[in-house]
Amino acid sequence: MCQVEEDYHEQLERAEVPGVSKKCVKCKEATAAVVIRAGDAYCRGCFKEYFIHKFRAMLGKNRIIFPGEKVLLAVSGGPSSCSMLSQVQEGLSQNAHKKLRFVPGIVYIDEGGAVGQSVEERRRVVAELQAVLKATGFPFHIVPLEQVLDLPSSVVVAAPSPSARPASAYKAAVDHFIQIDSSSSVTPQEKEETPLPDVQESHTHLLQQLIGSAKTLTAREDLLNTLRQHLLVHTARTEGYSKLMLGDNCTRLAVKLLTSISLGRGAQLAQDTGFSDSRYGDIILVRPMRDYSAKEIAFYNRMFSVPSVFIPSLDTKTTDKASIQRLTESFVTKLQADFPSTVSTIYRTSEKLQTACKSSTTADHFDRCLLCMCALDTAVENASAFKATLISEQLSQTKSPGATSADVPGQNPAPVESESTAPTGQCCPSGGGEDCGTAAGGKGCCSSAKGPETADLKSLLCYSCQLTIKDMSSLERLPQYILSEAQRRQRRSQMREEIGEFLLDDGDEGD
Ligand SMILES: [Zn+2]
Ligand SMILES: [Zn+2]
């Protein structure tokens, strides 16, 4: 929809340089200390008030986090998530009526192994961050990314979401909470020392091979994001949290929005950048920092000494053109420097986005992407850009007919070339728990139990994740939980195909 009436022109003017002795626009007395936008100069006190209010307003407006709920804060060590942490601390120390009412915990994912840090470097960073986390008094979990290799398959299966509570329930819960809580002041409990998990060198090596199997930095970053999110969600589940707070600020989200479009994630934009994200079902991701710009956060952290830790990432010390993510970031930040409303314009566009295809709540579990867990965007009509891309891809690959088996939907299991099939004796090499060979002769078994072929895996992925996988040299390096869930889904859809004619149409969408 085109928003003709909206007027961005005046905001697109260049930033004016503020006068030296400007007064605060809020209290009109104190001398301004920060200029957030052109014309909005705040004194120190008013800036703090404005900043704190914005955080509470964001949570209050959305009413997603109930009193007493356990909320896991994902802290990366960067300014934005550390600022989020300080806002939660601030909110918990307020008086009963203004106070935040959830129970926080912190998780930090140590990605040092994927980024190529030495063991000593990782220890130093973790120790530095541990000091920051310990000072909050909240329980915290430091999880090395290597643990992603041992995740259970349930991570990539959406859990049923708890039944939605009506809006009136929120009000009642808050009133109840204020009653029981008005007398007791919460002092953060002293948490016993959490020992740092030891990382085996072989695990780090496997993780590096996995990340390294992506041939481009774009795919590597995308893969790392996916793995990190799986580990965060898993930690939240096992530790009993129902919400996961992410520190994405609006500058970050503006970059993410444009990056997502470039990466072919148009259908997932609303979930990738919205305030709340329910793709995992039971664990809801929330982004309470999405109204703050990176600049505001930097000012606040500096003025009120919010500590943060510098942690190198995959694209640290790379050039602007090293990856799509990096390029988009540099594009947005450079534009923002001259046109200060760039980020807010992009960001406000993101708020209006909605996906036209079937919503994530109605989508069957098997209609979700195996990697990013969003509803699959690949079930589109024939006359679409996506199908056109597929056709030209198939045409250019005609020399290897064996690889296109997944593109032939009907029965007619063409005999696969002998070199790509495992000998019948080794049909189920892993012995994999479920009896896959019994039904419908050997054909069902062989094609699913034999390692995942690119074409097979593709049918389980959204368009964008297909592109990432395409950039990987070998799929065998993918963690076991992804591979075994892929096999399970393939078996399921095969079985469904085989018994399909005997099933009654359950009014789903039956094609
Ligand atoms: Zn003021
Ligand atoms: Zn995906």
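Reader: In β8, which residue is the bridge partner of methionine 245?

Author: This is a predicted model. Strand β8 covers residues 284-286 and runs parallel to β6, with three bridges joining the two. Within β8, methionine 245 has as its bridge partner valine 286.

Reader: Which residue stands opposite methionine 245 of β6 in the pairing with β3?

Author: Strand β6 spans residues 243-245. β3 and β6 pair in the parallel sense, over three bridges. Opposite methionine 245 stands leucine 73.

Reader: Over how many bridges do β3 and β4 pair?

Author: Strand β4 holds residues 103-110. Its proline 104 stands opposite valine 71. The two strands, β3 and β4, run in the parallel sense, and the number of bridges is five.

Reader: Why is β3 largely enclosed by the rest of the structure?

Author: Strand β3 is made of residues 70-74. β3 is largely enclosed because its buried residues number four of the five.

Reader: What is the order of the strands in the open sheet?

Author: Strands of a sheet pair through backbone hydrogen bonds, either parallel or antiparallel. Here the pairing is mixed, and the open sheet has six strands. Their order is β5-β4-β3-β6-β8-β7.

Reader: Which strands stand at the edges?

Author: Each edge strand has a single partner strand, so one side of it is left without a neighbour in the sheet. The two are β5 (140-144) and β7 (276-277).

Reader: What angle does the direction of helix α2 make with that of β3?

Author: Helix α2 is formed by residues 79-92. It packs on the sheet and touches β3, β4 and β6. Its direction and that of β3 make an angle of about 150°.

Reader: Which strands does helix α4 lie across?

Author: Helix α4 takes in residues 119-136. It runs at about 170° to one of its strands, β4. The strands it lies across are β4 and β5.

Reader: Are α2 and α10 oblique or parallel to each other?

Author: Helix α10 covers residues 294-303, and its axis comes within 10 Å of that of α2. The axes cross at roughly 60°. Among the residues that meet are Pro79 and Cys82 in α2 and Ile297 and Tyr300 in α10. The angle therefore makes α2 and α10 oblique.

Reader: Is the crossing of α8 and α11 right-handed or left-handed?

Author: Helix α8 (residues 250-262) and helix α11 (residues 324-338) have axes that come within 9 Å and cross at roughly 135°. These helices are therefore oblique to each other. The contact includes Ala254 and Leu258 of α8 and Thr328 and Val332 of α11. The crossing is right-handed.

Reader: Which residues is cysteine 369 in contact with, leaving aside its neighbours within four places in sequence?

Author: Cys369 is one of the residues with the most contacts inside the largest nonpolar core. Beyond those sequence neighbours, cysteine 369 is in contact with Cys374, Leu376, Leu461, Cys462 and Cys465.

Reader: What percentage of the residues in the protein are buried?

Author: The protein has 17 helices and eight strands. Its residues number 511, and the buried ones make up 34%.

Terms used. Residues are numbered from 1 along each chain as its sequence is written. Chains are lettered from A and ligands numbered from 1 in the order in which they are written. This is a predicted model: local features need pLDDT of at least 70, side-chain atom pairs count only at pLDDT 80 or more; totals for chains, interfaces and linings use all residues. A residue is buried if 20 or more other C-beta atoms lie within 10 Å of its own, exposed if 12 or fewer, and partly exposed in between; C-beta atoms are placed from the backbone. Two strands pair if DSSP finds at least two bridges between them. Two residues are in contact if their C-beta atoms, placed from the backbone, lie within 7 Å. Axes are lines fitted to C-alpha atoms, for helices over the stretch in contact, and angles run from 0 to 180 degrees between N-to-C directions. A nonpolar core is a set of buried Ala, Val, Leu, Ile, Met, Phe, Trp, Tyr and Cys residues joined through C-beta atoms within 7 Å. Angles under 35 degrees count as roughly parallel, over 145 as roughly antiparallel, 65 to 115 as roughly perpendicular and the rest as oblique. A crossing is left-handed if the near helix is turned anticlockwise from the far one by less than a right angle, and right-handed if clockwise.
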